[in-house]
Amino acid sequence: MKRTHRCADLTAEHVGKELVVMGWAHKRRDLGGVIFIDLRDISGILQVVFRSELDSALHHKAEQIRSEYVLAVRGTLVNRDEETINPNLPTGKWELVVKELRILSRAETPPILIEEGIDTNEAVRLKYRFLDLRRPDMQRNMILRHRVAKIARDYYDENGFLEIETPVLMKSTPEGARDYLVPSRVHTGKFFALPQSPQLFKQILMVSGFDRYFQIAKCFRDEDLRADRQPEFTQIDLEMSFVEVSDVIAMNEGFIKRCFDEVLGIQLQTPFQQLTYNEAMERYGTDKPDTRFGLELVDLSDIVKNSGFKVFSDAIARGGSVRALNAKGCGAKFARREIDALGEFVKIYGAKGMAWISVEENSLKSVITKFLAEEETNRILEKVGAEAGDLICFVADTDDIVFDALGHLRLEIARKLNLIDDNKMNFLWVTEFPLLEYDGDEKRWVAKHHPFTSPMDEDIDLLDTDPGKVRAKAYDVVLNGVELGGGSIRIHDQELQRKIFSRIGFSEEEAKDRFGFLLEAFKYGTPPHGGLAFGLDRLIMLMAKASSIRDVIAFPKVQNSSCLMTGAPDVVDVKQLKELHIAIKE
RNA sequence: GGCCCGGUAGUUCAGCUGGUUAGAACGCUAGCCUGUCACGCUAGAGGCCGAGGGUUCGAGUCCCUUCCGGGUCGCCA
């Protein structure tokens, strides 16, 4: 028997025809003289029927069928009687009256239900991933992922990009995430690193004259996992020559727009909103703001800098700030216990606590108002737009902590109040990131993005006088509070590159040792260039409305970076270790 | 590395202040059933209560340790 159709790839025109379909026995309904099997393949489900009155031998054979048996059936597609049509099934108007059945494979009872939206523990699903991936929602996610990858290839190809592969075995580079290392058999004591991204190679490709490069690239970072972070993940990586920030942004908005249009039927408005880094921090306390709701931060430092309330004035005297957000209606809504829980919540982010004022009809409930001058209180209430029923939440500390604490508190309150509209798709670009940030542990400036990121022309002079103020030609694209991708215009001037290296404490020798090949390449005529990389997994996660990146990766790893299906990583043969000149220290 | 949540039939869960033989639903098995599609009815099988130690006359329940899964802080140029 040869398959002629997929189970659900049928139309009214197939009625009356003889066809052969193959798939898994999804559900069996044995009524005695008649047996219905829902046959499932990647396309969907088709009901097939065995009736003893038509062929008792065949009916008898069908009695053996159990869940997840793989079947081949030949039969005639017929219209169902009006009253037996199943409106819940795309193929519900028809059924296949079987003439021939082959059991291609028997199956043990599966440990998980092969159904949409099961609530089975994820560990069980991952151990039996081959069964989990049979479920329609997982198959939809994989199909969605394929379609986005296909659009990426089409879109960038149409815009003159070339897909070029870069090595997976490469040189370890300092800074950034921890590398995955691969020992060299040939070179005793030496190691390859798996790429954290193809960054250096794509810049070299620009030097080589490949104008526009793109790649769907596997990247590796040996860091702890999160719901949206895996040790190996996929980037849509690209680089362009002879461009400025606005060119890169426009090109990639085009890609996103096309994905949402073709895959989800959602028309996005372009250009996307743009926020500078500073504005994003001031208003939302984060460089990846979720703008689906308001609840913006308010800076109260000016009002309370000379306040008698030392918690506030001291924070400002030490160079920090006092900021607040107005949780509309929460004063009336939240019990004291819930407010205290918010105070505990901000401590996660390093805040020492959360001051608050609950605004009542004709009074204020708070433990801090007695330390504030009446005029200060009034100006605060006015600035945050307080009305009866509101809860004003304050954090006073260094800017870093205030932003972090209030930025997360803003999300927490939005979740509690159900302020987030799941149907919104709020894209935005965050631009003008700081070029450098100070590393307190290492006591030096480090690159925030990477050391090849170009500073903004007008800020170059600040490199010597006020490095923290230098803005970069860097940009992130953010969707609903998730960083989807980012990139920058790179430095193509050798002098400037040298200056940046020295600014971040790289000696000439170190720079040469680590990035010598790139610096060498830059000597021979380097086009201005810049690029961007999207996190493909995160993009798919949001498009699929999945809650974890694991739901859009066929074979993901769990929190301790292992694979529950294969058992990787695992010990290896002593012989293998010996060849690699590696001894395991107990 | 820190903090929080969870681990009881194949699956999802219940199991009170410690007290007889650890339950339910779904799934599974068998029998019956000719229009079901959450098929129905009847019967049945199925448990190292994650593991180890402790307290107790007695532990699924309390304590300690440990393993596993999830979330998160640190980390993630």
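Author: One term before we look: the axis of a helix is a line fitted to its C-alpha atoms over the stretch in contact, and angles run from 0 to 180 degrees between N-to-C directions. Also, keep in mind that this is a predicted model.

Reader: Okay, got it. So at what angle do helix H4 and helix H6 pack?
Author: About 140°, and their axes are 10 Å apart. H4 covers residues 136-158, while H6 covers residues 245-264.

Reader: Why give both an angle and a distance?
Author: Because two packed helices are described by the angle between their axes together with the distance between those axes.

Reader: And are H4 and H6 oblique or roughly parallel to each other?
Author: Oblique. Roughly antiparallel would need an angle over 145 degrees, and roughly parallel one under 35. The pair sits at about 140°, so H4 and H6 count as oblique.

Reader: Is that crossing left-handed or right-handed?
Author: The H4 and H6 crossing is right-handed.

Reader: Let me zoom out. How many helices and strands does chain A have?
Author: Chain A has 18 helices and 22 strands. Its C-alpha trace spans about 95 × 75 × 55 Å along the principal axes.

Reader: What share of the residues in chain A is buried?
Author: 48% of the 586 residues.

Reader: Now helix H17. How many of its residues are buried?
Author: Eight of the eight, so H17 (residues 536-543) is largely enclosed by the rest of the structure. Among those buried residues are Asp 537 and Arg 538, along with Leu 536 and Met 543.

Reader: What comes just after H17?
Author: Lys 545 is found there, with a positive phi of about 55°.

Reader: Switching to Lys 473. Where is that one?
Author: Lys 473 lies in the loop that runs between helix H14 (462-465) and strand E20 (474-479).

Reader: Is Lys 473 buried or exposed?
Author: Buried. The cut-off is under 20% relative accessible area, and Lys 473 has 12%, so it counts as buried.

Reader: Which side chains does the side chain of Lys 473 make polar contacts with?
Author: One is the side chain of Glu 244, at 3.4 Å. Another is the side chain of Asp 457, at 3.2 Å.

Reader: On the RNA side, what belongs to sugar or phosphate?
Author: 51% of the atoms of RNA strand B within 4 Å of the protein, with the rest belonging to bases.

Reader: And which protein atoms lie by those bases?
Author: A polar side-chain atom of Gln 47 is 2.8 Å from a base oxygen of RNA strand B. An N or O atom in the side chain of Glu 53 is 3.2 Å from a base nitrogen. For Gly 32, a backbone N or O atom lies 3.3 Å from a base nitrogen.

Conventions. Residues are numbered from 1 along each chain as its sequence is written. Chains are lettered from A and ligands numbered from 1 in the order in which they are written. This is a predicted model: local features need pLDDT of at least 70, side-chain atom pairs count only at pLDDT 80 or more; totals for chains, interfaces and linings use all residues. Side-chain values use heavy atoms; hydrogens and water are left out. A residue is near a molecule or strand if one of its heavy atoms lies within 4 Å of it. A polar contact is a pair of N or O atoms within 3.5 Å; within protein, one must be able to donate a hydrogen and the other to accept it, and residues adjacent in sequence count only if both atoms are side-chain atoms. Buried means under 20% relative accessible area, exposed over 50%, partly exposed in between (1.4 Å probe, protein chains only). Helices (H or I, at least four residues) and strands (E, at least two) are DSSP runs, numbered from the N terminus. Angles under 35 degrees count as roughly parallel, over 145 as roughly antiparallel, 65 to 115 as roughly perpendicular and the rest as oblique. A crossing is left-handed if the near helix is turned anticlockwise from the far one by less than a right angle, and right-handed if clockwise.
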